[in-house]
Each structure stands twice: as structure tokens, then as C-alpha cells.
Amino acid sequence: MNPTKAGTGLELGVLSDAEFEAFALTHPQNNFIQSADFVRFQRARGQVVELFGVRRDGELVAAGKLNYTTNRWGYKVCECAKGPLMDYADAALVRDVVGLLKERAAGRKAAELRISPNLPYIARDEDGAEHPEITDNRPLVAELARLGFEHQGSEMDFVNVNWMFIKKLEGIKDSEELIMSTSYRTRKAIRKAEKNGVFLEQATLETLDEFYNALSTAGDEKGFVYREREYYEQLLRTTSPEFTKLMMAKIDIPAYRKSITERLEAESAAAAELRREVEETGSKKKANRLKVVQDLADSYERSLKDIERFPDSVGVATVAAIHFVCFGDEVVCVIGGTVQDYIYFNGATSLYWGMMLHGLEQGYARYNFYGTFGIEGQDEEGHGGYQFKKGFGGEVVQLVGDFVMPVRPLPFRANRLARAAVAVARTVLGKLPLKRQA
């Protein structure tokens, strides 16, 4: 692309992967969608991607990744998802960058331009309550509307995620302080999983099938949408091991059974000895100790009963699988879940906790649970997952959302009319009585 100049002295041009990465990595709005790793991945999948930069007096003041998609009827969209990366407080800069992007989209025959700045809409707390006194970007939404964008609203979106739950890691000095920032119930689950020998493993090309089998099983059971196996294989082939972390929580069934059996035997023996001493001495102190030891022995006995359905022949089982991304300032939990048969082992808890520790140790500023639903109430879909995330501590983050600008008005309006007609047809067909079977 030839450099394009605005009347204000701004110049838009192509960036190399290295130039783009250097800018994106340190930008306050950095995110994995706007990263060189993700660019390599999308190119490998045959997607049309451009990296642009806007310079003022030679200095980069804005940058982003543009994706061009064309449907079967030739309708083309130019999208800058989770970008552009720029100072949205500078109204003149926003205006001029938008103008340059619109001009570039028109030059590529795109009918519409889409952006979705990686900025919060209104600050929220862990319960989702609004705190506009902290952050309020409604003026930005209004400004983008004045520039010709249509705001697409604030609906929950599984594709271009705009509702998240994020825990800040900055200021937490060690793992003990981190675990104490979680709820009692979450701490108990973390420690139980550790005690029971749940361990984490990062999938490679050689072990991808283990990861994918667990992910797809969890997805089918829970009803969440996951990608095809080739998607994850391409991620492993084109991105760095730090960027793409396909993580598995595992349990060695024979080792677990052996450990619980040994603990049961030890506590049972201790209980028998205490019981003898209590009978001989009548000591209340030892009677109280006996109750604690017996409760522990009973819990081990229940644990052995709980895993009766898992024979030693199972070997090492993958109990949960989650796709994480580490980039810029955050660790992101993209998608994943626990295999229902193994929910007893708290695999997802172990993965969240393990990657939080990784984030803390590697200096990431936050842990992003990503797509979060069911915030408004317990009757909403996804509320259980939201409550689970809250146990780790954090706050709801609502981004400003998606914005669409017509670039070629006639094709844009025709596409809108066609989509509306299809939606009406589907509604009508859905209300028609089913044809009787002969």
C-alpha cells in the first residue's frame, strides 16, 4: 500500500511485522488479536491481513491489523478488531485516523469499515454495577457516531468478545498473597486439587489429540462452541509457545488411588490408637483429636468410593483443557472446560490457578477470564461460570463494542436490506406449521 497523507500531516503506510509488534506490545490497549503472532496465524489460514501504521512527523501514533473478508456475493468488509491502537482521548487524531482508514477501505473496494476499540465502556465492579465516576467512554461512542459509525450495541458476543471478567495481578507480591485474594471456596478447591496430585501440561503437536479430545468433549457437554482440530494445530505451528498455551489438567488415576489408600490407612491407624487411648484415659483433648482424625479418614474413604468408576487401566486422564493466550499485559483464558466425568478433580480450577501463577511469575499485569455471561442474574445463561470466575476475584469489564461505517453506501444499504429480508424469512418460516408426515 502506498503511503496516504491526511491534510493534518498524518501519513498512513504499511508496517513490517517487527514494527507492528514493537508498537502493539507496549501500547496501553495491547491485546492478542492485535499481535504479530495472531497475524502469522491468520495469514497461514489464508486470511487477507494488512498491518498499517499512522505516523506524525515520522513517529508512529496509531497502528492496527486490518482483515479483509468477502462473502459469496462479493460484499467486502474491512475490519480492525480490538483496534485501532491509538489515543482515543485525542479527538483530532481519532478523526484523522478514521478518515485515513475509510479512504484505505474504499481503495480496497470494501463496502464497510468495522472497528472495536479495546477500551472499557463504563467501569464496573465484580457484581457488574456501573461506576462512571471511574471510567466513562460514552462520549467516545458519541464522537464515533459523529464521524459516521453506527454503534452495534452492547449485546454479549461470543465472536468479538466485549464482556469480560478481569483480575489485576499488579501489586500482588507472591503466590500466598495471590491465593488469599480468592474466596474461601476457591482456595479450598485449589488446595484440594494440589493435594490430590492434579498436574498441568502444555500440549504440543505430539499431544494435541489429548488436548482436543478433552476440549471437544467438554464443549459438547456444556454446549460451548469450539474450533476444529486444524485450528489449534495451526496455532501451534505458527505462534510461539508463550503466545499459545493449550493447557491440560491431568490426574494419574493409579497414583491417586494409591495415595488416598495410603492416607486412609495412616489416618485409620492413628484413629485406632487414639480410640484406645481415649478408652484408657478418658482424655477430652484426645477425644477431640480423634474426631478430627476420624473425619479425615472418612473423607478418604469417600474419595476412594467416588473414584470406583475409574479403574487403574484408565491410567493418566486429561480432566480439563483450556486454550490460553499470553501477550502484552495479560494472560487470556480464551475457551475451554472440564470433562464432566472428571469434574470431581477440579481441573478447570487447577488450570485457572496455574496460569494465574504463571502470569504473576512472568510479570503480566492482569488475568483475563475473557467472555463472561450471566452477569445480571442467576436465571441467565452462563451465570454459573460467572460465579465461578468471581471466586478468583476481579471485576466485570465491558468494552465499548463494535462500530460499523458505510464506505460504499449503495452496496452497504443493499446488504442491510438483504440481511433484513433473510431474517424476516427465517422468522416467518419458523412460525409455519410443520408438514404432516404421510
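Predicted model: local features only at pLDDT ≥ 70, side-chain atom pairs only at ≥ 80, totals over all residues.
User: Hi! Which residues have the most contacts inside the largest nonpolar core?
Analyst: Hi! They are Phe32, Phe211, Tyr232, Phe324, Phe345 and Tyr367, in a core of 77 residues.

User: And which strand gives the most to this core?
Analyst: That's strand 12, residues 316–327, with 9 residues.

User: What does Phe32 touch?
Analyst: Leaving aside residues up to four places away in sequence, Phe32 touches Phe38, Phe243, Val325, Phe327, Val332, Val334 and Tyr370.

User: How many residues are in the second core?
Analyst: The second core has 33 residues and is separate; Leu10, Leu93, Ile115 and Phe403 are among them.

User: Switching to helix 6, which residues are buried there?
Analyst: Thr186, Arg187, Ala189, Ile190 and Ala193 are buried in helix 6. Viewed down the helix axis, the buried residues fall within an arc of 165 degrees, so they line one face.

User: Why would residues a few places apart end up on one side?
Analyst: An α-helix has 3.6 residues a turn, so residues three or four places apart point the same way.

User: What do the buried ones pack against?
Analyst: The buried residues of helix 6 pack against helix 5 (175–180) and helix 11 (347–362).

User: Which exposed residues sit on the face turned away?
Analyst: Tyr184, Arg185, Lys188 and Lys195 are the exposed residues on that face of helix 6.

User: How far apart are the end C-alpha atoms of helix 6?
Analyst: They are 16 Å apart, which agrees with the 16 Å that its 12 residues (184–195) should span at 1.5 Å a residue.

User: And what comes just after helix 6?
Analyst: Gly197 does, with a positive phi of about 90 degrees.

Note on methods. Residues numbered from 1 in each chain as written. Heavy atoms only, no water. Core = buried A, V, L, I, M, F, W, Y, C linked by side-chain atoms within 4.5 Å. Buried < 20%, exposed > 50% of the residue type's maximum accessible area, 1.4 Å probe, protein only. Helix = DSSP H or I, 4+ residues; strand = E, 2+ residues; numbered from the N terminus. Contact = heavy atoms within 4.5 Å. Expected span 1.5 Å × (residues − 1). Arc of directions from axis to C-beta.
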